[in-house]
Amino acid sequence: MGELRAYAALFGGRLRSATAYRTSFAVEMVTNAAGTLIDVVTVFVLYHAAASVGGFTLDEALMMTGITAFAFVLADLTVGNIDQLETYVRTGRLDAVLVRPLAVLPQLILADLPLRKLMRLAVGTGVLGLALARNDVDWTPARALLLVTAPISGAVFFGAIFVLSAASAFWWIDSGKLGHGFTYGGRDFTSYPITVYGSWFRTLFAYGLGFGFVSYQPALTLLGRADPLGLPSWAGYLSPLIALVVSAVAAVVWRLGVRHYRSTGS
Amino acid sequence: MDTLDASVPAISPRRPIGASVATFRALMGSGFRRYATYRQATIAGTFTNIVFGFLRCYVLLAVAAGAAGGAPGGYDARQLATFVWVGQGLLNVVGIWGWGDLADRIRTGDIVADLVRPVSPVTAYLAADLGRATHALVTRVGPPVLVGALFFPLATPSRWQTVPLFAVSVLLAVIGSFACRYLVNATAYWLDDARGPLMFWTLGSGVLAGLYFPLRLLPDWMTVTLWVATPLPGLLQTPLDVLIERDQPALQAGLVALQAVWAVIMLALAHWVQRRAERRLVAQGG
């Protein structure tokens with residue numbers, strides 16, 4: 001109970017500080033929503049130039065973009081600001097976090113909760129809704145379940161990637177940009193049919209790191225399309241499992257990182 | 001005995017222009033050295049540029065393969081690949097992202113220290129930014145272009161004018177980008193906190209400068225409007241179009257001239273906003 005109150009106090013402080021500069025906050029909120037919109041507009045622009053990209057039409061690709069948009073936004077909203085860890089490590093402010101009798105990860109997440117990203121969730125949901133409206137999905141109980149599990153598992157997956165890339169700062173302080181290649185890069189990777197990528201690059205990202213199971217495989221299963229790359233249709237249901245594995249890895253790496261942390265001493 | 005006055009002694013009183021050049025060069029050098037100390041960040045940033053280079057390149061090449069005639073927006077596959085990979089390097093030189101120093105100094109009140117210096121803040125920050133750009137030119141362009149060339153066929157310029165025109169275009173892009181960023185940061189004079197406008201800039205500039213996709217993929221009227229009515233295509237799209245020779249020489253020169261007009265307008269605007277702000281400035285902190 002006491003712990004919950006402490007977390008609530010952290011969140012309250014975050015809320016007050018976020019709304020202290022109202023104009024700036026309002027601009028940030030609207031801009032953030034626009035940011036997700038831009039990613040989607042990019043997909044439309046590219047499909048305007050070509051009717052079929054990587055063997056998929058715009059509507060089919062939107063299913064992948066939609067799952068990714070929702071999953072990424074949810075992860076970014078909840079744990080995305082963990083990439084601030086770099087600053088905590090560099091300035092030694094992590095010391096203050098470590099001495100409190102609370103877990104490190106939830107503290108950092110709540111203290112930096114990016115409320116300005118709230119409106120992105122509406123955009124993400126909208127894109128997924130649009131994708132469902134524009135595709136003729138043959139609904140079965142399994143597919144309905146998939147529609148719930150795929151975006152949520154995707155969010156867990158991206159959340160774990162956020163934690164993993166932030167944790168690299170424990171070993172390598174200026175690594176912030178390195179992580180972007182996998183967080184934002186992963187979002188871009190999963191926004192398009194993975195058939196567009198060259199074979200070794202696709203193998204590495206889609207199957208090696210698991211990004212292929214975030215939106216591509218579930219979208220194929222929802223659409224009832226066979227995978228041109230040869231995986232069976234049940235591969236679409238694997239995303240919760242993959243998310244679980246990556247989360248476990250992230251938890252281990254995070255713990256190792258906290259143990260490895262040495263203060264700056266300045 | 002000499003009368004006392006409050007003017008600041010010039011570094012070299014008899015050679016005012018020489019002194020200004022020396023000051024500008026010193027500030028540029030400091031900008032260069034500042035970024036040269038972030039070696040880990042340079043390596044991490046380069047890695048990310050390369051990942052995004054692969055992502056964007058594969059997607060655009062797939063678009064080219066699916067487009068009627070195989071040349072979306074008038075670019076062939078080689079030109080698209082060059083656009084992406086040089087763009088990933090140039091992005092850091094132009095530096096459209098990640099500069100909030102001025103806004104931070106305004107918010108904390110440190111800006112007061114800049115105002116008492118004998119150099120205008122716009123000039124001083126421009127010098128430091130040119131130093132930063134020089135550092136990025138040396139360290140950040142080579143690796144992505146090299147990786148791009150290893151994995152994809154790239155286009156090489158066929159006209160001799162392209163090379164000097166590209167150099168001028170890059171310089172104008174850096175100046176234009178600096179002036180835009182200065183203006184975005186300067187909103188902090190009025191709002192106290194520029195995080196919102198900075199975020200707005202980060203997102204808007206990326207897509208409208210041609211980082212996400214070449215602007216020629218948009219409908220013609222939109223492309224022309226962007227080019228004429230905003231400085232944004234001049235930050236990335238113009239130098240890249242010049243390098244890959246998207247247009248005939250005359251049009252190329254025209255686009256660079258347009259870029260120059262916008263760079264001058266934005267820089268003048270930055271000076272004007274700075275003067276206005278100085279008249280109303282209430283220093284923060286204490």
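Reply: Let us begin with what is meant by a helix. Helices are DSSP runs of H or I with at least four residues, and they are numbered from the N terminus. In this predicted model, for instance, Thr183(A) is found in helix α9 of chain A.

Me: Is Thr183(A) buried or exposed?

Reply: A residue is called buried when 20 or more other C-beta atoms lie within 10 Å of its own. Thr183(A) counts as buried, because it has 22 C-beta neighbours inside 10 Å.

Me: Which residues is Thr183(A) in contact with, leaving aside its neighbours within four places in sequence?

Reply: Two residues are in contact if their C-beta atoms lie within 7 Å. On that basis, Thr183(A) touches Ile161(A), Phe162(A) and Ser165(A), once neighbours within four places are set aside. A separation of C-alpha atoms may be read as well: Thr183(A) and Phe158(A) are 25 residues apart along the chain, and their C-alpha atoms are separated by 6.9 Å.

Me: How many helices and strands are there in chain A?

Reply: Chain A has 12 helices and zero strands.

Me: What does the radius of gyration tell me about chain A?

Reply: For the 266 residues of chain A the globule would have a radius near 18 Å, and chain A has 19 Å, which agrees. The C-alpha atoms of chain A fill a box of roughly 55 × 40 × 35 Å along the principal axes. Buried residues make up 48% of chain A. Of the contacts in chain A with a separation of 6 or more, 80% are between residues 24 or more positions apart.

Me: How many helices and strands does the secondary structure of chain B come to?

Reply: Chain B has 13 helices and zero strands. For its 286 residues, a compact globule would have a radius of gyration near 19 Å; chain B has 21 Å, which agrees. The C-alpha trace of chain B spans about 80 × 40 × 40 Å along its principal axes. Buried residues account for 48% of chain B.

Me: Which residues have the most contacts inside the largest nonpolar core?

Reply: They are Val163(A) and Val63(B), and the core has 159 residues. Helix α3 of chain A, residues 58-79, gives the largest share of this core, with 14 residues.

Me: How much of helix α2 of chain B is buried?

Reply: Of the 28 residues of α2(B), 22 are buried, so this helix is largely enclosed by the rest of the structure. Its end C-alpha atoms are 41 Å apart, which agrees with the 40 Å that 28 residues should span at 1.5 Å a residue.

Me: How many residues of chain A are in contact with chain B?

Reply: 38 residues of chain A are in contact with 34 residues of chain B. The elements that give two or more residues to this side of chain A are α2 and α9. α2(A) gives the most, with 15 residues. By class, this side of chain A has 20 nonpolar, 14 polar and four charged residues.

Conventions:
Residues numbered from 1 in each chain as written. Chains lettered and ligands numbered in written order. Predicted model: local features only at pLDDT ≥ 70, side-chain atom pairs only at ≥ 80, totals over all residues. Nonpolar A, V, L, I, M, F, W, Y, C, P; charged D, E, K, R; others polar. Rg over C-alpha atoms; globule rule 2.2 N^0.38 Å. Buried ≥ 20, exposed ≤ 12 C-beta atoms within 10 Å, placed from the backbone. Core = buried A, V, L, I, M, F, W, Y, C linked by C-beta atoms within 7 Å. Expected span 1.5 Å × (residues − 1).
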